[in-house]
Every structure is written in C-alpha cells, then in structure tokens.
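Here are some notes for a colleague who is opening this structure for the first time. Please keep the sequence and the 3D view at hand while reading the numbered points.

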Amino acid sequence: MTRCLCKFGFHNNLLLVIAICLCNLSESMLYLRGGQNATDAIKIIRNHRELGQLGGWLWLPTGSSHTGNPWYDHYNDTDEVKTMQSENYSERDPRDFLRRGDVCPKKGETDFQHSYCPEAPDCDWSGKWGKAKLCVTRVPFPSDFSKFYALSMKCIPYWANCDKCVCGVISGDGDDGVCKYDGSIWNEYSFKIDCDNPGTVSMYGYSYTPPEGT
C-alpha cells in the first residue's frame, strides 16, 4: 500500500479545499472542490513549491528520487548571489534538458541507454532565489573520456550556471549538443570526482562506479 504525506488547507471561506499529497517522495496529487477558479489553485500550488515540497532531485544509478532542493537552497551569501545574478546566466545558460545523445545508467543493467533516462524532476517553481531550472549532471566514462553519461538531475536557481558536463563543456546547440572532455579541475561542495580518473563519483553521500569496461 502506498503511503503519502498529506497537507490539507482551506481557502476563501472553505469554498476551496486542497489536499497535496507527497507519494513515493516525489509524486503529488491535487484535489479541488468548490467554485473557485483555477488561478487561485495555481497560486496555492506555487506557494507549496516555494517551500520545497515539489522539485527534488534524481540519482540515476539507482533510479532513486529525493525530496528537497539542496542545489537551490544552499546559497546564503547575498553578495555572491548578486554577483551571479549580474552575470546574467539566465540568458546565457537556459534550463537544461535531456539531449538526443544522452545515456543513463539503470539499476541492475551493465549498459547505458537513452531509454533508461527517467522523466526529469519538476523545476517549474519559484522560491527565495527566484525561478528554478533543471540541471542535468553528466560525467565522463572512466574508459573513454570522449563519452559522457547522465548521473543526476536537479533544480538550481535560474540565474546560476548549470555545469552540464563535469570535466568538460557542452558543444553544439539544442538537441544535438554533446559533452567534450577538457580535463578541467572540478571543485564543488556536494560532488566529488577526479577528472583524471573518473572511475568513482560521489554526490550528497551517494557513490557510483560504472561497470568495468564502460
């Protein structure tokens, strides 16, 4: 039996009753009753999203989904935020998406396929740092640095830079974009990888080593 964490609220003199249930850590259900129009409902949904009840992040090697948005929430230096906002990444670095050539791992499988890639988390919400956007983390295969696989999907502030290709850069536009390895040094508080030897990667307490030969 599926267990859900539900929160109930009343809006506009009990004309609208809303129940938002979080099922399996990432799913949500909305039930509306009453005569209010959809606009009010959307506003309430967005308020819940601002509290981090939607969004979440995916760890692709196990296919696990996690509540919370640590890559969005961790900013606490107002000057840093202002600097990043002024660099206008929202124009130069729009929301990410799965590209035609992206491949993903799957629990119990030894190969990587585009068909293994799950649906991305819902990053269409706003919080204390403004709008969020999707960011897909891709890392190089340990036996062939010219090829990358998708490791995780997460929500970050819209103005923040999405490091789409760890140890490399994205090359090409739109659906045809691919990661190119450049050996750049990686230093990120929640993600550990040796770009010279990317055999094992770790993120937020999770570690992954691709099958031998990949």
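Does Asp 102 count as buried or exposed? Asp 102 counts as buried, because its relative accessibility is 7%, where buried means under 20% relative accessible area, exposed means over 50% and partly exposed lies in between, using a 1.4 Å probe and protein chains only.

1. Basis of the notes. This is a predicted model, in which local features need pLDDT of at least 70 and side-chain atom pairs count only at pLDDT 80 or more, while totals for chains, interfaces and linings use all residues. Residues are numbered from 1 along each chain as its sequence is written, and side-chain values use heavy atoms, with hydrogens and water left out.

2. Overall make-up. The protein has four helices and 13 strands, these being DSSP runs numbered from the N terminus (helices H or I, at least four residues; strands E, at least two). Of its 214 residues, 43% count as buried. Among contacts (heavy atoms within 4.5 Å) with a separation of 6 or more, 56% come from residues 24 or more positions apart.

3. The structure holds seven salt bridges, each a side-chain nitrogen of Lys or Arg within 4 Å of a carboxyl oxygen of Asp or Glu. Asp 102 meets Arg 138 in one of them, at 2.9 Å from N to O, and this pair links the loop between H4 and E6 to strand E7, 36 residues apart. Arg 138 also counts as buried, because its relative accessibility is 1%. Asp 96 forms a further salt bridge with Arg 138, with the closest N and O atoms 3.0 Å apart; Asp 96 lies in the loop between helix H4 (89-92) and strand E6 (126-127) and Arg 138 in strand E7, so the pair ties together parts that are 42 residues apart in sequence. Asp 96, Arg 99, Asp 102 and Arg 138 are linked in a network of salt bridges.

4. Arg 100 and Asp 175 form a salt bridge whose closest N and O atoms are 3.3 Å apart, and it links the loop between H4 and E6 to the loop between E9 and E10, 75 residues away. Arg 100 counts as exposed at 54% relative accessibility, whereas Asp 175 is partly exposed with a relative accessible area of 32%.

5. Strands E9 (residues 168-171) and E10 (residues 178-181) run antiparallel and are joined by four bridges; two strands pair if DSSP finds at least two bridges between them. Val 169 has Lys 180 in E10 as its bridge partner. Six residues lie between the two strands of this hairpin, and Gly 172 in the turn has a positive phi of about 100°.

6. The three-stranded sheet. An open sheet has the order E11-E12-E13 with antiparallel pairing, and E11 and E13 (206-208) are its edge strands, each pairing on one side only. E12 and E13 are paired over three bridges, with Tyr 206 in E13 as the bridge partner of Met 203.

7. The nonpolar core. Which residues touch the most other members of the largest nonpolar core? They are Tyr 149, Leu 151, Phe 191 and Ile 193, in a core of 41 residues, a core being a set of buried Ala, Val, Leu, Ile, Met, Phe, Trp, Tyr and Cys residues joined through side-chain atoms within 4.5 Å. Leaving aside residues up to four places away in sequence, Phe 191 touches several residues, including Leu 151, Trp 186 and Met 203.
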